[in-house]
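Subject: Structure handover and notes

Dear colleague,

Please find the structure below, together with some notes that you can follow while turning the model on your screen.

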Amino acid sequence: MSMRQTHLLTKTRKDAPADEVAKNAALLIKAGFIHKEAAGIYSYLPLGERVLTKISNIIRNEMNALGGQEVFLSAFQPAEAWQKTNRWDLPVWFKTKLVSGGELGLGWTHEEAITAIMKNHIASYKDLPKAVYQIQTKFRNEERAKSGLLRGREFMMKDLYSFHADTADLEAFHERCRDAYLSIFRQIGLGEHTYLTVASGGHFSKYSFEFQTLSKSGEDTIYLARQKKLAVNKEILSDDVLAEYGLLKNELEEQSAIEVGNIFKLGTRFSEPIGLSYKDEAGALVPVVMGSYGIGPSRLFGTIAEIYSDNSGLKWPDAVAPFAAHLVAVGGTDEVREEADRLFDALDRAGIETLYDDRQTAQTGEKFADADLIGIPFRIVVSTKSLDSGGAEIKRRTETETRVASSEETVRHILDAYHI
Ligand code: ATP
Ligand code: MG
């Protein structure tokens, strides 16, 4: 949906709050994508909501292609299932007391909840396999929340859970999920920066996989074998793990990275204590074998802001940008206004989501600075000068060169770039 900037809810601002130390959040606050409520707690404003929705929809499509069925579980969690798995007393919980007595926790992950639900829906081998996912707010009492969207106390997570009759079926699904994750990172523009990383496992499997995006702001340290497109998390670096994955010490680079996702073979860690089992073909009762697969849309949002930005502002990759084009009318003449209005309609009709800077009061310099700060992929300027040269000036946010094009050419150029 296109929009006139005079209708946009937000304004840009010169400075981020003094206590905001994270580059991603500082930029996103200045540009009007998010609002800081408290450390690790942010609200999403229209521009931010658009980006988050685009990231989420890319993830959603990949989850659906895996056969995942979308659900939306309650954030409030009663203690019962979590006591069975010994996770009710962890410090990560935000808990609240009911006036009527008793306690509820705010979900920081949902293995226990989904396992308990599935007891009603899995009884036989014929009910397997199943995959269930949600994109939902999680709450974690993180000790340090200084990395903006990278580490929220309230944040978005996509969590997928899979249910299988045996380990072989889990392994096959786990591999498909790994490929789906790599595809997600490619689509949102993090493909070149993100590496499959061997990390600690649970009591079911020795190792798990994380997806780590190289960035100086990352809180993790990984050892990367770039040629082999595989890394090892520093936490588990050992001769054993190198031997198991065929990596050599002298090919490893130490890098800071952001953990943007992970995939985990849970085995029967949750199904046994909670009592999720099925009858096999011989009629024997067997615990269901599970996997869990997490990815953080809000952490991805922050990661993209960290990587795709410069001193002037954000530089959104096409697929997750809040708008495809930022149309800027420069100078107050009727001719400019009429031509810009016409172009806005043409872009919108062609299905190009456009933010139209139709402000009469803003100076040219301010308009350009705002366009750079917000970071929409294409800037289209209509001015007396551009009209004299035959149309509008188009420039990519990532390039310095502008080109002049007629309105049809402008529309065509952007449609081509977006493969619409
Ligand atoms: P970390 O080690 O960074 O705390 P984690 O191992 O606790 O991450 P998971 O519990 O596996 O993470 O959560 C799945 C995904 O959710 C992570 O890969 C990450 O993308 C996202 N995530 C986890 N914690 C946060 C947070 N506090 N803020 C934003 N995103 C988060
Ligand atoms: Mg954590």
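Before anything else, a word on naming: helices (H or I, at least four residues) and strands (E, at least two) are DSSP runs, numbered from the N terminus. This is a predicted model, in which local features need pLDDT of at least 70 and side-chain atom pairs count only at pLDDT 80 or more, while totals for chains, interfaces and linings use all residues. Residues are numbered from 1 along each chain as its sequence is written, chains are lettered from A and ligands numbered from 1 in the order in which they are written, and side-chain values use heavy atoms, with hydrogens and water left out.

I begin with the spaces inside the model. On a 1 Å grid over the protein atoms alone, a cavity is a set of points where a 1.4 Å probe fits but cannot get out, whereas a pocket is an open set with protein on both sides within 12 Å along at least five of seven lines; lining residues have an atom within 4 Å of a point. Grid points are joined across faces, edges and corners, and a volume is the space filled by probe spheres set on the points. For the linings, Ala, Val, Leu, Ile, Met, Phe, Trp, Tyr, Cys and Pro count as nonpolar, Asp, Glu, Lys and Arg as charged, and the others, Gly among them, as polar.

The second largest cavity has a volume of about 50 Å³, and its lining consists of Gly40, Tyr42, Tyr44, Gly148, Leu149, Gly152, Glu154, Phe155 and Ser298. Strand S3 (41-44) and strand S9 each supply at least two residues of this lining, which divides into four nonpolar, four polar and one charged.

The structure holds three cavities of 30 Å³ or more, and the largest cavity has a volume of about 70 Å³. Among the residues that line the largest cavity are Leu150, Arg151, Ala257, Ile258, Glu259 and Arg299. Strand S14 gives the largest share of that lining, three residues, and the lining as a whole divides into three nonpolar, two polar and five charged.

The largest pocket contains about 1100 Å³ of space. Its lining is made of 44 residues, of which Trp108, Arg140, Met157, Glu259 and Asn262 lie nearest the centre. The elements that give two or more residues to this lining include S9 (154-164), S14 (253-267) and helix H8 (297-307); S14 gives the most, with seven residues. By type, the lining of the largest pocket divides into 17 nonpolar, 14 polar and 13 charged.

Next come the sheets, in which two strands pair if DSSP finds at least two bridges between them. An open sheet of six strands, with mixed pairing, has the order S1-S21-S20-S22-S23-S24. Strand S1 (3-4) and strand S24 (402-405) stand at the edges, each with a single partner strand, so one side of each is left without a neighbour in the sheet. S1 and strand S21 (residues 354-357) run parallel and are joined by two bridges, and Arg4 has Tyr356 in S21 as its bridge partner.

A second open sheet, of three strands in the order S5-S7-S6, has antiparallel pairing. S5 pairs with strand S7 (residues 103-106) over two bridges, and the bridge partner of Gln77 in S7 is Gly105.

Buried means under 20% relative accessible area, exposed over 50%, and partly exposed in between (1.4 Å probe, protein chains only). Ser215, in the loop between strand S11 (207-214) and strand S12 (220-225), is buried, with a relative accessible area of 11%. If contact means heavy atoms within 4.5 Å, then Ser215 touches Ser256, Ala257, Ile258 and Glu306, not counting residues up to four places away in sequence.

Asn86 has a positive phi of about 65° although it is not a glycine, and at 68% relative accessibility Asn86 counts as exposed. Lys229, also a residue other than glycine, has a positive phi near 50° and counts as exposed at 60% relative accessibility. Lastly, a cis peptide bond with omega of about -5° joins Leu128 and Pro129, and Pro129 is found in the loop between helix H4 (111-118) and strand S8 (130-139).

With best wishes
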